[in-house]
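Let's take a quick tour of a protein model. Have a look at the sequence and the 3D view first, then read on.

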Number of protein chains: 2
Amino acid sequence: MTALLEQLIEALRVLPGVGRKSAQRMAYHVLERGRDGGRQLAAVLAEAVERIGHCSQCRDFSETPVCATCASASRDRQQLCVVESPADRLAIETATGYRGLYYVLQGRLSPLDGIGPRELGLDALATRLAGGEVAELIVATSATVEGEATAHYLAQLARQHGVRPSRLAQGLPLGGELEYVDRGTLSHAFGSRGEMRE
Amino acid sequence: MTALLEQLIEALRVLPGVGRKSAQRMAYHVLERGRDGGRQLAAVLAEAVERIGHCSQCRDFSETPVCATCASASRDRQQLCVVESPADRLAIETATGYRGLYYVLQGRLSPLDGIGPRELGLDALATRLAGGEVAELIVATSATVEGEATAHYLAQLARQHGVRPSRLAQGLPLGGELEYVDRGTLSHAFGSRGEMRE
């Protein structure tokens with residue numbers, strides 16, 4: 001194997017979920033059948049790594065100082081939805097009809113890993129909540145232990161500034177068979193059952 | 001989502017087994033935690049796509065006109081092992097103690113796909129067999145229908161030039177791709193290869 005090919009296989013392992021064997025298969029595939037695509041990938045990747053930064057308003061990825069959503073005049077500025085990652089934000093944007101703004105933490109509170117309020121930009125969020133424009137803070141962090149702790153912290157922060165915090169509903173997933181839902185979810189869904197209306 | 005990020009996600013799909021969702025995860029991962037690795041990958045990929053060509057002797061990938069193995073004085077030039085792909089060659093090289101040379105077809109006979117002897121460089125192989133240096137042609141194509149057809153063709157070609165053809169021992173799982181066979185099985189099959197009869 002050539003030195004350059006070996007380097008390529010090693011370099012591909014920066015991608016998540018790509019081990020030695022996958023990297024090898026990818027390298028061979030690109031060299032055998034996808035040279036144009038490989039050239040294109042190299043160029044776009046180099047440009048993206050240099051040019052994509054973060055929006056100064058919502059902390060999501062952006063090529064411009066303020067992203068298109070934050071700069072848009074047609075979004076409802078009274079609603080602010082807090083998510084953990086850009087992927088979560090994208091999921092909400094594509095699945096729901098939400099027309100408010102977002103705030104991307106790029107992580108969640110995890111004191112043991114040294115991730116506190118400062119690392120998540122919560123000081124900037126506090127300043128924004130104090131500004132008075134936001135009426136509702138929609139807390140869309142994960143339903144994990146750390147996500148819940150982060151949600152609790154965010155709700156307190158919102159109340160301190162007179163902003164109403166809300167949390168995504170928890171319960172059975174749509175189309176989920178009761179038999180296969182995990183105990184915790186089932187117990188929670190049962191406990192917080194709501195009255196059926198006509 | 002920014003236009004550049006969208007381009008990056010599309011470009012990543014040139015990699016085998018990477019769909020829209022994986023590409024998105026890869027792009028976010030590189031931007032969040034692997035910018036240096038991403039920069040490195042872009043540079044190596046661009047260089048590899050331009051500089052890695054094929055060895056004029058064995059048709060494997062090579063940065064130089066003749067690859068290191070073909071140029072080596074310590075390999076046994078009487079043995080020539082024919083494989084379908086660079087990955088197969090690498091698998092044999094790492095799993096067995098083989099010290100002869102290789103010939104990489106970069107495919108297998110498949111008339112329906114327009115892949116005939118010419119596409120696999122079999123004219124050059126015939127010239128080489130006629131040269132008289134090769135005593136044994138080890139046919140290490142896959143144990144698939146097309147691999148077997150290719151093996152049969154190669155065996156005939158060898159006999160025409162007075163070269164003894166041999167085939168990896170039965171023991172390879174039926175229909176199995178050589179690249180994914182475990183080391184032990186591959187090594188055993190390689191070691192107990194048998195002479196091909198008409």
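Is A:Cys58 buried or exposed? A:Cys58 is buried, with a relative accessible area of 0%; buried means under 20% relative accessible area, exposed over 50%, and partly exposed in between, using a 1.4 Å probe and protein chains only.

A word on the ground rules before the details. This is a predicted model, where local features need pLDDT of at least 70 and side-chain atom pairs count only at pLDDT 80 or more, while totals for chains, interfaces and linings use all residues. Residues are numbered from 1 along each chain as its sequence is written, chains are lettered from A and ligands numbered from 1 in the order in which they are written, and side-chain values use heavy atoms, with hydrogens and water left out.

**Cysteines**

- A disulfide is a covalent bond between the sulfur atoms of two cysteines.
- Here, a disulfide is counted when a pair of cysteine sulfur atoms lies within 2.5 Å, and the structure holds 0 of them over all chains.
- A:Cys55 is in no disulfide, and its nearest cysteine sulfur, that of A:Cys58, is 3.7 Å away.
- A:Cys58 is in no disulfide either.
- With 2% relative accessibility, A:Cys55 counts as buried.

**Aromatic pairs**

- A pair of aromatic rings is described by the distance of the centres and the angle of the planes.
- Rings of Phe, Tyr and Trp (its six-membered ring) pair if their centres lie within 6.5 Å; planes under 30 degrees apart count as stacked, over 60 as edge-to-face and the rest as tilted.
- Searching the whole structure turns up 4 aromatic pairs over all chains.
- One of them is A:Tyr28 with B:Phe61: the ring centres are 5.9 Å apart and the planes sit at 15°, so the pair is stacked.
- A:Tyr28 lies in helix α2 of chain A and B:Phe61 in strand β2 (residues 61–62) of chain B, so this pair joins two chains.
- Helices (H or I, at least four residues) and strands (E, at least two) are DSSP runs, numbered from the N terminus.
- Both A:Tyr28 and B:Phe61 are buried.
- A:Phe61 and B:Tyr28 form a stacked pair, with 5.9 Å centre to centre and 15° between the planes.
- This pair joins two chains too, because A:Phe61 is in strand β2 (residues 61–62) of chain A and B:Tyr28 is in helix α2 of chain B.
- A:Phe61 and B:Tyr28 are both buried.

**Pockets**

- On a 1 Å grid over the protein atoms alone, a pocket is an open set of points where a 1.4 Å probe fits, with protein on both sides within 12 Å along at least five of seven lines; lining residues have an atom within 4 Å of a point.
- The largest pocket holds about 650 Å³ of space.
- It is lined by 26 residues, and those closest to its centre are A:Glu32, A:Arg33, B:Glu84, B:Ser85 and B:Gly107.
- Helix α2(A) gives the largest share of that lining, with 6 residues.
- The second largest pocket has a volume of about 500 Å³.
- Of its 20 lining residues, A:Ser85, A:Ala87, A:Asp88, B:Tyr28 and B:Glu32 lie nearest the centre.
- In the second largest pocket, α2(B) supplies the largest share of the lining, 8 residues.

**Domains**

- Chain A is divided into domain 1 (6–51) and domain 2 (71–167), with bounds that come from an automatic or database domain assignment.
- The C-alpha centres of domain 1 of chain A and domain 2 of chain A lie 34 Å apart.

Note on methods
Points joined across faces, edges and corners; volume = space filled by probe spheres on them.
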